[in-house]
Amino acid sequence: MPYIRPNFVAAFAAALTLTFSAASGHAADRSLTIYTYDSFVSDWGPGPVVKKAFEAECDCTLNWVGVADGVALLNRLKLEGDSTKADIVLGLDTNLVTDAKETGLFAESSIDQSNLKVPGGWSDDVFVPYDFGYFSVVYDTEVLETPPASLKELVEGDPQVKIAIQDPRTSTPGLGLLLWVKSVYGDDAPEAWAKLKDRVLTVTPGWSEAYGLFTAGEVPMVLSYTTSPAYHMVAEESERYQATLFEEGHYLQIEVAGMLKASHDKELSKQFLEFMTGPQFQNAIPTTNWMFPAGTVSEPLPEAFDKLVKPSKTLIYSADEVSQNRKAWVDEWLAVMAQ
């Protein structure tokens, strides 16, 4: 979910839960509440564009509820349980879908997903993907002349050259890095984390805080996405920030949305999920969420996407593997990082 906000200050304050709602001019009787991550509903994210387009189609009011990051989104939903006010949750990823299903809170989507295209294909009766991307280390070319060319070089590199990363307990990119390290190092992951720890300037709750530190010049590297430089090329006409290409491959993230059993208007929820796979939603993804669209688009990707690094190898665990091991792997990470 790499929306990129212009003119970052040193860092964000602690993530706050914000509710974004707007009454339509004719006060539509029907409404839809969608929980998502904060950056999605920011002024610069897809939220405002999606809201305007969907409300024009549904004759309803779409209410966004922003939560810090994807893992925090699932944590909040677990706390609320059947009493949640959400009709839809948008912003989980494939690393969380098994855990999300095990809550018993989600309903089958029952929508046509034949137009969806994500690496490895897609088939799921509950969750619907809306974008995808690859995790990468993004670096400042004005500070770092020779970036790491592999995860091994990142782990074993100069501890004076720092990186900002995210917490896997609250952040989907943070969890993605944890799985990336595990998929490359296996049982030796704790030793890798012990070496990498010396290079970590800070561990932030979510992606926005870490990227804010990076663009403010506080740190020369940040965990982000291969698509992040496209923002700077398009919006700032700058190629200063670039993504690394690691020889071991890059970990894939597929972001999804799902309908809650507690939804007060399942027909409207299904209408949104169908809308989400179509061009009015999907056209907004490349230049507001800065990811690859998973559904039907009617516009070509910006030329900047042709300049992005292209992973030669995709790394990904199945959702069930992540569900079975996530707690143990997070505890393993925490045991090292807390020392």
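Glu237 lies in the loop between helix H8 (228-235) and strand E9 (241-243), where helices (H or I, at least four residues) and strands (E, at least two) are DSSP runs numbered from the N terminus. Glu237 has a positive phi of about 50° although it is not a glycine. Most residues other than glycine have a negative phi. At 75% relative accessibility, Glu237 counts as exposed; the classes are buried, under 20% relative accessible area, exposed, over 50%, and partly exposed in between (1.4 Å probe, protein chains only). A positive phi, of about 55°, is also found at Ser110, again not a glycine. Ser110 belongs to the loop between helix H3 (97-102) and strand E5 (128-140).

The model is predicted: local features need pLDDT of at least 70, side-chain atom pairs count only at pLDDT 80 or more, and totals for chains, interfaces and linings use all residues. Residues are numbered from 1 along each chain as its sequence is written, and side-chain values use heavy atoms, with hydrogens and water left out. The pLDDT, the predictor's confidence in each residue from 0 to 100, averages 92 over the protein chain, and 92% of the residues score at least 70. Over residues 5-27 the pLDDT is below 50, and this stretch has 44 contacts in the model beyond near neighbours in sequence; contact means heavy atoms within 4.5 Å. Where pLDDT is low, the predicted coordinates should not be read in detail.

Strand E2 (residues 31-37) is mostly covered, with six of its seven residues buried. E2 pairs with strand E3 (residues 61-67) in the parallel sense over seven bridges, pairing being assigned if DSSP finds at least two bridges between two strands. Thr36 has Gly66 of E3 as its bridge partner. From E2 the chain passes through helix H1 (residues 47-58) to E3 in a right-handed β-α-β crossover; right-handed means that, with the strands pointing away from the viewer, the path from the first strand over the helix to the second runs clockwise. E2 also pairs in the parallel sense with strand E4 (residues 88-93), over two bridges, and the bridge partner of Tyr35 in E4 is Val89.

The loop between E4 and H3 contains Thr94. Thr94 is buried, with a relative accessible area of 9%. Residues up to four places away in sequence aside, Thr94 touches Trp122, Ile254, Ile316 and Ala319.

Strand E6 is covered on both faces: Ile163 and Ile165 are buried on one side, and Ala164 and Gln166 on the other. In a regular strand the side chains alternate between the two faces of the sheet. E6 runs parallel to E7 and is joined to E7 by four bridges, with Ile163 opposite Val200. Two bridges join E6 to strand E8 (residues 221-225), also in the parallel sense; here the bridge partner of Ile163 is Met221.

Two residues were examined in the loop between E6 and H5. Pro168 lies in this loop and is buried, with a relative accessible area of 0%. Neighbours within four places in sequence aside, Pro168 is in contact with Val71, Gly174, Leu175, Leu178, Val330 and Trp333. Ser171 is found in the loop between E6 and H5 as well, and Ser171 is buried with a relative accessible area of 0%. The side chains of Ser171 and Asp69 are joined by a polar contact of 3.1 Å. A polar contact is a pair of N or O atoms within 3.5 Å; within protein, one must be able to donate a hydrogen and the other to accept it, and residues adjacent in sequence count only if both atoms are side-chain atoms. Beyond neighbours within four places in sequence, the contacts of Ser171 include Val71, Gln166, Pro205, Gly206 and Trp207.

In helix H6 (residues 189-196), the residues Ala189, Ala192, Trp193 and Leu196 are buried. They cover an arc of only 100° around the axis, which puts them on the same side of H6; the arc is that of the directions from the helix axis to the C-beta atoms. The elements covering these buried residues include helix H4 (151-156), strand E6 (163-166), helix H5 (172-185), strand E7 (200-204) and helix H12 (319-337).

Helix H7 (residues 207-215) has eight of its nine residues buried, so it is largely enclosed by the rest of the structure. The buried residues of H7 include Trp207, Glu209, Tyr211 and Phe214. H7 is followed by Gly217, with a positive phi near 85°.
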